[in-house]
Amino acid sequence: MTLNKKNIEKKRKEIINKLLIHINEPQTQIDIIKHSSAMTDPKLWKMICELFSENCNSNIKKFIEEGNILRNIHENAINNANKYINHLSMSWETILASFSCYLEYNYFKSPDDNFFDTNHSNLVSTLQRVSQEKVEANREQWGGKKALNRAFELVKKRLSQNRPLDAYVLFDAWNDVLEVESIIDSYCFKGWELAHNSKIVIQPVNISIWKKWEITNHKFKIIDLFYQLLPFFAFQDIVKTIQQESPNKESAFSHIYGLSGKAFLMDMIGELDATIDGTKIDLGEAIYFMKIFDDFYKNNYIPYMKKIKDDGCPYEQSIIESEKEQIENNIFKFIKNGNIRFVDKSEIFKMVHFPCIVSRTQEEMTSMMTQYDPIEPDSTREKSCEVILSLFSSPPHSKAMDNAQFLRAPDKSFIVMPRLYHGDVKTTLYNSLIRKNEDNKIFSLNMEKSIESMFRSQDYSTILNFNYSSENNLCNGEIDVLAYKDNHLIIIEAKLTYFRNQTHSIYEHRDNLFTGAQQLERALKAIKSNYDEISDKLKIKCSYDSLSIFPLIVSSSPEFDFDKFSNIYKTSFFELKGLLFPEMLINVQALIELYNKSNEFISTTNQIINNQETQNLIEQNFSLEIKRAKEQYSSEANLIAKHPQKLVNAIKSRVFWKKLESNPAIIRGPVKHTLTLKNGDRVHYVI
């Protein structure tokens, strides 16, 4: 038995043992099963059914019945995918070349860009899952430009003959499996209910639960927009200098985006340098490098493919003819300008975008990154570029694939797919840093230091990392931050996390938040026995009994801000900073106002506005809206920042996000969807 299979078997036994420990607690047992892999693990599910075969509890019986329905749907989806197991014998290059075309196929059949953007992460997960299955079936070596080029030419030839690609049925089948597993995750983690009278329906128990998650998605967009706009009101002189000295708009935008990325990373991890695998890298430069790639796609590949789609050209033709047509257009442009005799060949090819997939060697990628260096890069510089690329790339079967901008082949070459690339470079880098570093103590400590500094800026007395012992030394622990002012003591447990996009992964973070609540509960009990030391350090004059204590969990992410954990409030670092810095609160309220207006426009006119158009509208009106927000919010923002009771009330009443949460125009849905499997099974569910 392999190590992996041994671990799986061990986890199965651990689940069964947990169920036996809670034998008289049916709801706890149901929660244990839901948060395990039982619904997608037939052997574990069989063990659970045998354990409960004689259980008479009505809730257990109902759950097993519903579980059997979901298990059958999943089994049917898996059986259909396994029909194409022979397709996994295709070479890696053929699978990747086919998948690049599959992305374009999905883009061309999407009703609008927003629909495709929403579906993008699902498509990436499809390649990840197919790759994982291929690794299990065949671990052959692969990689190299020549092999990929040959595979891509064969794929294009097949498309030119109007013959479907064999890999498409493989991708479709595993996409169905992932869709079923997403439905199961909604049932198990989000608490969606299952109805199965005349048809199978998975939906929220009530609409308010769905709305909370929809609003959380909007919060992520607001945070992204805030940091993109930050340079224009926080670093105005630097922005003007960049705009004046940059050779073109694209270069200026990349540098300005670098500023926003730096500000984001300083807030999230408190560092602009990081040491990865023994090599020190400049994180601001890493963002700038990746933004160059992003701008190339946005200014060349993406608009070109959109034009082809809008003109009604089939996607197959766009893949076959795109390079040829662009070369002809460029030649025509130079002829029209009367200077074709003086044009170098490289100028004709200059504006030709990448095809939908291309292989680049480490040396080629490094050369692109260092092309503007004033001196020839040395080995240290090349190593730095190599490490930066490792933060943005992953093998297709890796768990980190969902965060990759490029695919990495075993020979250390890079597979570039413009459609795979997603433009939020700063978040990609942040996620990579958190996930790549097993020991994030430095980043966690920086987060705690930032929180302490924020409170000190508003004249709170603070203690960072207070170590306590309970009465009789039965329990020792640490409080991340204590902040005191005006008879109010705020105790904080900080939780560093990356920004997740899969339901089960998001709920793993929820478990960490419950752990944080337990840590705060222990700390609350210990404060009384350690009060002499705490009051001395914080210069507290009042007695313990007259002190108002407010425990608070602060996480990097806004997920679960709508929940309390053991009756303890939870907020995001972004929100807490906004509440303690009046100017930031005002700027965010101005941003939310414009964001709301753009969504109200969409809601009332039924026009489709993509994310870039929304951002452009907000940028054009942001300065004026800030002036209005200052008049409306300055007084309240200063009171919240200066007075602890006002701060506590603002957190409890969600003042920071109130305008967003109370706007019905941002809630469009829920969208009802039907998944039809090959065997005819239909599942109706809410997304």
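Author: A residue is called buried under 20% relative accessible area, exposed over 50%, and partly exposed in between, using a 1.4 Å probe and protein chains only. Helices (H or I, at least four residues) and strands (E, at least two) are DSSP runs numbered from the N terminus. The model is predicted: local features need pLDDT of at least 70, side-chain atom pairs count only at pLDDT 80 or more, and totals for chains, interfaces and linings use all residues. Residues are numbered from 1 along each chain as its sequence is written, and side-chain values use heavy atoms, with hydrogens and water left out.

Helix H21, residues 573-580, is mostly covered, since eight of its eight residues are buried. Among them are Phe573, Glu575, Lys577 and Leu580.

The sheet may be considered next. Four strands form an open sheet of mixed pairing, in the order S5-S8-S7-S6; two strands pair if DSSP finds at least two bridges between them. Strand S5 (358-360) and strand S6 (393-394) are the edge strands, and each pairs on one side only. S5 runs antiparallel to strand S8 (residues 414-416), and three bridges join the two. Ser359 has Ile415 in S8 as its bridge partner. Helix H15 (residues 362-369) packs on this sheet, touching S5, strand S7 (406-408) and S8, where contact means heavy atoms within 4.5 Å. The direction of H15 makes about 85 degrees with that of S5; axes are lines fitted to C-alpha atoms, for helices over the stretch in contact, and angles run from 0 to 180 degrees between N-to-C directions.
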